[in-house]
Amino acid sequence: MNKQRDFDAVAASWDEEPRRVKLAGEIADAIRGGLPLSAEWEAMDFGCGTGLVTLRLAPYLRSILAVDSSRGMLDRLDAKILAAGVPNIRTLMTEQLFEKPSAARFHLITSAMTLHHIQEIVPLLRSFHALLHPGGYVVLPDLEAEDGTFHEDPTGVFHHGFSREGLAELLRQAGFSSIAVSSVTEITKGERRFPVLLAIAAE
Ligand SMILES: C[S@@+](CC[C@H](N)C(=O)[O-])C[C@H]1O[C@@H](n2cnc3c(N)ncnc32)[C@H](O)[C@@H]1O
């Protein structure tokens, strides 16, 4: 059985990899370009990590709940929030979002480069669906189907990316109706290029 990756162990150096910072910027730009973000919107960023995407979206939203299962990653984000005085991001540590019904509702739920680390995706997407306001959006930037060489360490990698149709089908199974999957960018690793998809679906 594939166990979880230890993100705590890599949290301190996570942001030192330039391609992660570049990717987060491209993802945030694509989200801003694809959706009418509003200062009235409350959002959740699931699998927020050190907040590379969260912090770029925060100025365009009323609030973001930044959720992650790694204390180490969230500690990095908490430190950035404190240092920059960001008023509208709260952090929450949990990995069992879908097992804990919540009264909170969001206009937008993002989850960047996290889905491939989730074994059972449809229950998580169903919980996203239940947590959205009517007409709310889920946005999933993640790897397009790859040959398993993206991660040097396969620990905690449950999916080698997603095909466009496969990602759309997971969203349909979770109850989403209006679904669009497009290309957002490519990640370059040495000689290899790994395309990144962006799925946007409405509640
Ligand atoms: C590849 S990182 C992406 C971080 C961030 N979204 C970004 O784009 O920089 C994946 C993140 O998902 C988190 N994660 C993995 N499984 C999770 C789960 N079941 N619940 C919450 N977070 C999870 C990890 O701790 C990690 O911070």
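The model is predicted: local features need pLDDT of at least 70, side-chain atom pairs count only at pLDDT 80 or more, and totals for chains, interfaces and linings use all residues. Residues are numbered from 1 along each chain as its sequence is written, and side-chain values use heavy atoms, with hydrogens and water left out.

**Exercise 1.** Describe the residues around the ligand and the backbone atoms that approach its nitrogen atoms.

*Step 1.* Now look at the backbone N or O atoms. One from Gly-47 lies 2.7 Å from a ligand nitrogen atom, one from Ala-112 lies 2.9 Å from a ligand nitrogen, and one from Ser-69 lies 3.2 Å from a ligand nitrogen. A polar contact is a pair of N or O atoms within 3.5 Å.

*Step 2.* Finish with cover: on its own the ligand has 600 Å² of accessible area (Shrake-Rupley method, 1.4 Å probe), and the protein covers 93% of that.

**Exercise 2.** Work out which space the ligand takes and what lines this space.

*Step 1.* The ligand takes the largest pocket, as judged by more than half of its atoms lying within 2 Å of the grid points.

*Step 2.* This pocket holds about 1200 Å³ of space. Of its 49 lining residues, those closest to the centre are Phe-7, Trp-14, Met-113, Thr-114 and His-117. A pocket is an open set of points on a 1 Å grid where a 1.4 Å probe fits, with protein on both sides within 12 Å along at least five of seven lines; lining residues have an atom within 4 Å of a point.

*Step 3.* Among the elements, helix H1 (18-34) gives the most to the lining, with five residues.

Methods
Points joined across faces, edges and corners; volume = space filled by probe spheres on them. Helix = DSSP H or I, 4+ residues; strand = E, 2+ residues; numbered from the N terminus. Polar contact = N/O pair within 3.5 Å; in protein donor to acceptor, adjacent residues only side chain to side chain.
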